[in-house]
Amino acid sequence: MRKSAAEVQVIRAAGEVVAEVLAHVGGSLRAGITVATLDRVAVQVALSRGVTPAFRGYRGFPASLCISVNDGVVHGVPGERVLTEGDLVSVDFACFKDGFCADGAETFFVGQASSAALRLVSVTREALWAGIAQARAGGRVGDIGAAIQRHVEAAGFSVVRTLVGHGVGRELHEEPQVPNFGVAGTGTRLEPGMVLAIEPMVNLGRADVLVQSDGWSVVTKDGSLSAHIEHTVAITVEGAEVLTLLRRR
């Protein structure tokens, strides 16, 4: 589970491309665009940066982006759905560079969002950073999940429990699992060199979810809005380093 400094450097480079792809996709959002078009935007950016999208072909997934709209939680398959004003759009992208993977997600708005959607995304982002603050050497995986759960539930929202974060590096999904709920002081001990994808999935309504008939797209059971934000994070002796941020060149 632990990576060398050189391996973390490669994941950091992959993570910068993840951030670039998400920024380009977010900048392309507008009413009238199809989600399939956004997938093509991601592929163009990825190829220009010399990375390989990690989702396409993974267990048969047919696209390079996961795009989940409104009540979509995660793993949405890009198709010909046309986005409309006010849509909440969660975008998940991962890529491989020189044999190592980084993974990230962001939730965007198409035009003007409702106040409920704005608050949902704000709380999800705050919960992610609360979890990242607990990603430190000597701590436990449960510290991360407990911090995320506490922040989300204090706001009156629900944490999805059937889907979790994970280790990442040579594979898209590695151990340990990183739930967005839990008990502080429990779970795998965090050590320098571990790299984790921390990704709260937060519902406006209840936590229950369903998988749609395509076998991939996960939606809220009650039809409520959902948000998903994710960063790849390295555990260091100084604390957590977020590897999926845009950096100035």
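A nonpolar core here is a set of buried Ala, Val, Leu, Ile, Met, Phe, Trp, Tyr and Cys residues joined through side-chain atoms within 4.5 Å; buried means under 20% relative accessible area, exposed over 50%, and partly exposed in between, with a 1.4 Å probe and protein chains only.

The model is a predicted one: local features need pLDDT of at least 70 and side-chain atom pairs count only at pLDDT 80 or more, while totals for chains, interfaces and linings use all residues. Residues are numbered from 1 along each chain as its sequence is written, and side-chain values use heavy atoms, with hydrogens and water left out.

On to the overall picture. The protein has four helices and 15 strands, taken as DSSP runs (helices H or I, at least four residues; strands E, at least two) numbered from the N terminus. Its C-alpha trace spans about 45 × 40 × 35 Å along the principal axes, and 54% of the 249 residues count as buried. Contact means heavy atoms within 4.5 Å; among contacts between residues at least 6 apart in sequence, 69% join residues at least 24 apart.

Now for the helix pair. Helix α1 (residues 5-28) and helix α2 (residues 35-48) have axes that come within 9 Å and cross at roughly 145°; these axes are lines fitted to C-alpha atoms over the stretch in contact, with angles running from 0 to 180 degrees between N-to-C directions. On the α1 side the contact is made by Glu20, Val21, His24, Val25 and Ser28, and on the α2 side by Leu38, Val41, Ala42, Val45 and Ala46. Val25, leaving aside neighbours within four places in sequence, is in contact with Leu38, Val41, Ala42, Leu65 and Val91.

Elsewhere, Gln149 sits in helix α4 (residues 141-154). Gln149 counts as buried because its relative accessibility is 14%. Not counting residues up to four places away in sequence, Gln149 touches Val159, Arg161, Asn180, Phe181 and Gly182.
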